[in-house]
Amino acid sequence: MSEQAPVPDAVPEVRLDARIRRVGDALIVASPTQDALELTDAAVLAFRQINGAQTIGEISAAVADCYGVEWSLVQADILDVMVALMDAGVVTLRATKGGTSSKGA
Amino acid sequence: MQSGLVVDYAEVLSHLIDNEVVPSRCEAVFASGSVVRGWGNANSDLDLYVISAHPHEGEFDQLLQGTLTPSQIPRRNTSACGRRVDVEYWLDDQVEQLLGRVDEMHLGGARPAAESLTSREIEFMGRLLHARPVTGESWLAERRAAFMSSALRAIMVDWCLDLYDNAVEDAVGQLNASDVDSAVLAASRAFGCAVDALLCHHGDISVSRKWRARRMRTIESPAMSYSEYWRLETMQGFDPSAPEEWVATVLRACQRIAMEVPVQ
């Protein structure tokens with residue numbers, strides 16, 4: 001389980017040592033020490049949006065925009081994706097955009 | 001006298017046949033390398049490859065070691081029409097073996113596949129893809145098509161990304177150990193491997209850094225523009241007081257390449 005819980009205003013960042021492979025339209029991601037995770041569809045879109053600057057809320061909005069739906073419809077799924085990526089050791093939450101730590105949530 | 005990029009291949013071939021450098025009967029002769037790709041200069045050698053059914057019996061200057069049977073490739077350094085010419089003598093059967101090895105090895109994984117070939121053998125396959133026929137046009141066309149449809153590109157992409165992962169692991173480990181200088185070098189190595197993977201994906205097979213910039217100019221990729229490539233290759237923006245920031249920038253650029261270059 002991840003130590004930090006992703007919240008909409010948290011800013012995710014891909015670990016520098018994350019291993020990434022594109023297989024067809026899917027992405028396989030892994031930390032050097034844990035099992036790989038296969039990302040498809042919306043998860044790939046979300047992963048590609050992670051740049052260490054955008055919040056999870058902003059990433060959700062970008063993914064929702066790609067699907068032409070309200071962000072509120074995808075945010076729960078994107079939060080689940082972030083939890084999976086953090087549990088896989090691929091993504092860390094650097095901080096919330098306002099500077100408040102999301103630790104312990 | 002020929003100079004620069006202008007080569008009269010018929011004249012060169014005639015000269016080399018007259019001087020018994022190239023046999024009058026062979027499967028094919030092709031030119032490749034910087035001169036053929038338009039990157040040559042007045043000092044560039046012309047690289048010629050002679051493909052024969054029978055072993056070379058004439059003079060040679062070096063025997064290049066390989067992994068095929070026979071394991072040696074004769075090479076001769078000569079000149080023709082005022083230009084230095086390097087000639088390698090390959091057997092058609094050795095080329096056939098390379099093709100077979102590439103497909104056979106794909107099943108065993110990219111790393112053992114690529115590492116069981118010498119860099120010269122890899123370069124040969126890459127050069128064949130960008131060759132200009134001098135004689136034996138149909139031989140070259142058939143072989144080029146065979147390599148293009150083989151697992152060569154997939155093997156090379158996998159292998160380069162594998163090397164990239166190793167270099168990233170080094171860089172991050174060194175950063176964590178506050179060995180920042182080593183991390184900078186490892187990040188630079190990771191960058192080279194990622195760019196090589198991108199180039200191999202675009203069909204430009206090579207493990208040499210020599211023409212990487214020229215090669216990057218020939219492709220268009222959403223993963224990395226030429227200007228970004230050049231900025232990172234030449235370490236523009238590197239701040240000696242904060243080298244870890246440059247390492248992070250480079251490794252994130254590499255991640256974008258890994259996201260765009262498909263494997264398998």
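Biologist: Is the crossing of H7(B) and H10(B) left-handed or right-handed in this predicted model?

Modeller: In this predicted model, H7(B) and H10(B) make a left-handed crossing.

Biologist: What makes H7(B) roughly parallel to H10(B)?

Modeller: Their axes cross at roughly 20° and come within 9 Å. Angles under 35 degrees count as roughly parallel, so H7(B) is roughly parallel to H10(B).

Biologist: Which residues make that contact?

Modeller: Among them are B:Ala183, B:Ala187 and B:Phe191 of H7(B), with B:Trp246, B:Val250 and B:Cys254 of H10(B). By class, the residues of this contact divide into 16 nonpolar, 1 polar and 1 charged.

Biologist: Let's turn to another pair. At what angle do H4(B) and H5(B) pack?

Modeller: Helix H4 (residues 119-129) and helix H5 (residues 137-148) of chain B pack at about 115°, with their axes 9 Å apart. Here too the crossing is left-handed.

Biologist: Which residues of H4(B) meet H5(B)?

Modeller: B:Met125, B:Leu128 and B:Leu129 do, and their partners in H5(B) include B:Trp139 and B:Phe147.

Biologist: Now for H9(B). Which of its residues are buried?

Modeller: In H9 (residues 226-233) of chain B, they are B:Glu228, B:Tyr229, B:Leu232 and B:Glu233.

Biologist: How do you know that they are on the same side of H9(B)?

Modeller: They cover an arc of only 130° around the axis, which puts them on the same side of H9(B). In general, residues three or four places apart in an α-helix point the same way, because there are 3.6 residues a turn.

Biologist: What do these buried residues pack against?

Modeller: They pack against H7, H8 and H10 of chain B.

Methods:
Residues numbered from 1 in each chain as written. Chains lettered and ligands numbered in written order. Predicted model: local features only at pLDDT ≥ 70, side-chain atom pairs only at ≥ 80, totals over all residues. Heavy atoms only, no water. Buried < 20%, exposed > 50% of the residue type's maximum accessible area, 1.4 Å probe, protein only. Helix = DSSP H or I, 4+ residues; strand = E, 2+ residues; numbered from the N terminus. Arc of directions from axis to C-beta. Contact = heavy atoms within 4.5 Å. Axes fitted to C-alpha atoms, helices over the stretch in contact; angles between N-to-C directions. Parallel < 35°, antiparallel > 145°, perpendicular 65-115°, else oblique. Left-handed = near helix turned anticlockwise from the far one by under 90°. Nonpolar A, V, L, I, M, F, W, Y, C, P; charged D, E, K, R; others polar.
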